[in-house]
Amino acid sequence: MANHPSAEKRNRQRIVTTLRNRSATSAVRTAVRNARKAIAEGDRKAAELVVAATAKLVAKAAGKGAIRVQTASRTISRIQIALNKLA
């Protein structure tokens with residue numbers, strides 16, 4: 001239990017940050033799953049739109065610090081490679 005005002009504030013901040021990061025991470029996971037599903041269906045035009053939206057979401061989450069920058073880069077790269085194999 002926090003006993004000092006600064007420790008109490010840090011605890012409040014931790015709770016808010018954790019919720020924000022959890023939400024962003026969940027959204028990234030869902031977007032990546034949807035992108036892989038779109039690629040698996042084989043429709044290149046639709047997959048390109050989904051992959052572009054996913055890449056933007058992943059990059060945004062990395063910029064906010066919800067996921068690591070290298071993880072975001074690797075994820076974007078892998079879904080883009082999968083999309084390029086579709087051609």
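The axes of helix H1 (residues 5-41) and helix H2 (residues 44-64) come within 9 Å of each other and cross at roughly 160 degrees, where axes are lines fitted to C-alpha atoms over the stretch in contact and angles run from 0 to 180 degrees between N-to-C directions. H1 and H2 are therefore roughly antiparallel to each other, a term for angles over 145 degrees. The contact (heavy atoms within 4.5 Å) is made by residues of H1, including Ala31, Val32 and Ala35, and by residues of H2, including Val50, Thr54 and Val58. By class, the residues of this contact divide into 14 nonpolar, two polar and no charged.

This is a predicted model, in which local features need pLDDT of at least 70 and side-chain atom pairs count only at pLDDT 80 or more, whereas totals for chains, interfaces and linings use all residues. Residues are numbered from 1 along each chain as its sequence is written, and side-chain values use heavy atoms, with hydrogens and water left out.

The table gives the accessibility of two residues, with buried meaning under 20% relative accessible area and exposed over 50% (1.4 Å probe, protein chains only).

| Residue | Relative accessible area |
|---|---|
| Thr54 | 2%, buried |
| Lys85 | 69%, exposed |

Thr54 lies in helix H2, and its side chain reaches the backbone oxygen of Val50 at 2.8 Å. Leaving aside neighbours within four places in sequence, Thr54 is in contact with Ala31, Val32, Ala35 and Ile79. Lys85, by contrast, belongs to helix H3 (residues 69-85); Lys85 and Ile39 are 46 residues apart in sequence and 9.4 Å apart in space, C-alpha to C-alpha.

Terms used:
Helix = DSSP H or I, 4+ residues; strand = E, 2+ residues; numbered from the N terminus. Parallel < 35°, antiparallel > 145°, perpendicular 65-115°, else oblique. Nonpolar A, V, L, I, M, F, W, Y, C, P; charged D, E, K, R; others polar. Polar contact = N/O pair within 3.5 Å; in protein donor to acceptor, adjacent residues only side chain to side chain.
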